[in-house]
Amino acid sequence: MIGMFDVEKRKPHPEGLLRILETNPGRTVYYIGDTVDDARCARAAGVPFIGIAAPSNPSYLDLVFLFQEEGAYAIIDDINVLPEVFAA
C-alpha cells in the first residue's frame with residue numbers, strides 16, 4: 001500500500017499511482033475514485049479511471065462532466081454496481 005505520506009508529490013500528480021504500477025508489472029489496473037484529482041491522476045499515469053459520482057452529491061452534474069472531460073472509462077453512481085462495469 002502506498003499512501004500520501006509515502007510520496008513527495010500528491011494527487012493529482014501520478015507519483016503514487018506510478019509507484020503502484022512499478023511494483024505490479026503486467027497487471028491490469030484501474031483507478032477508482034470520486035474526485036476530479038483522482039481522474040487527473042489516473043489520466044497522467046495512463047490508467048483507466050472509473051469515477052463514482054453519487055447523485056446525492058450537490059456537485060453531481062459538474063463531477064460527471066469533469067469525469068467525462070478527463071476521459072473516464074466508466075462513471076457510476078454507486079460503488080455496489082462496480083461488478084457490472086467489468087461484466088460488459
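Analyst: Leaving aside neighbours within four places in sequence, Phe 86 is in contact with Tyr 30 and Ile 50, where contact stands for heavy atoms within 4.5 Å. This is a predicted model, in which local features need pLDDT of at least 70 and side-chain atom pairs count only at pLDDT 80 or more, while totals for chains, interfaces and linings use all residues. Residues are numbered from 1 along each chain as its sequence is written, and side-chain values use heavy atoms, with hydrogens and water left out.

User: Why is Phe 86 called partly exposed?

Analyst: Buried means under 20% relative accessible area and exposed over 50%, with partly exposed in between (1.4 Å probe, protein chains only). Phe 86 has 41% relative accessibility and therefore counts as partly exposed. Phe 86 lies in helix α4 (residues 82-87); helices (H or I, at least four residues) and strands (E, at least two) are DSSP runs, numbered from the N terminus. Between Phe 86 and Ala 74 the C-alpha to C-alpha distance is 9.9 Å, and the two are twelve residues apart in sequence.

User: What makes α1 oblique to α2?

Analyst: The axes of helix α1 (residues 15-22) and α2 come within 9 Å and cross at roughly 50°, and that crossing makes α1 oblique to α2. Axes are lines fitted to C-alpha atoms, for helices over the stretch in contact, with angles running from 0 to 180 degrees between N-to-C directions. Angles under 35 degrees count as roughly parallel, over 145 as roughly antiparallel, 65 to 115 as roughly perpendicular, and the rest as oblique. The contact joins Leu 17, Leu 18 and Leu 21 of α1 to Cys 41, Ala 42 and Ala 45 of α2. By class, this contact of α1 with α2 has six nonpolar, no polar and no charged residues, given that Ala, Val, Leu, Ile, Met, Phe, Trp, Tyr, Cys and Pro count as nonpolar, Asp, Glu, Lys and Arg as charged, and the others, Gly among them, as polar.

User: Why are α2 and α3 called roughly parallel?

Analyst: α2 and α3 pack at an angle of about 5°, with their axes 10 Å apart, and they are therefore roughly parallel to each other. Val 36, Ala 39 and Arg 40 in α2 meet Leu 63, Leu 66 and Phe 67 in α3. The residues of this contact divide into five nonpolar, no polar and one charged.

User: How do you know that the buried residues of α3 are on the same side?

Analyst: In helix α3 (residues 60-69), Leu 63, Val 64 and Phe 67 are buried. They cover an arc of only 100° around the axis, which puts them on the same side of α3; the arc is that of the directions from the helix axis to the C-beta atoms. The buried residues of α3 pack against β1 (31-33), α2 (36-45), β2 (49-52) and β3 (74-76). The face turned away from the buried side of α3 carries the exposed residues Leu 61, Asp 62 and Glu 69.

User: Which residues of α2 are buried, and what do they pack against?

Analyst: Val 36, Asp 38, Ala 39, Cys 41, Ala 42 and Ala 45 are buried in α2, and the buried residues of α2 pack against α1, β1, β2 and α3. After α2 comes Gly 46, with a positive phi near 75°.
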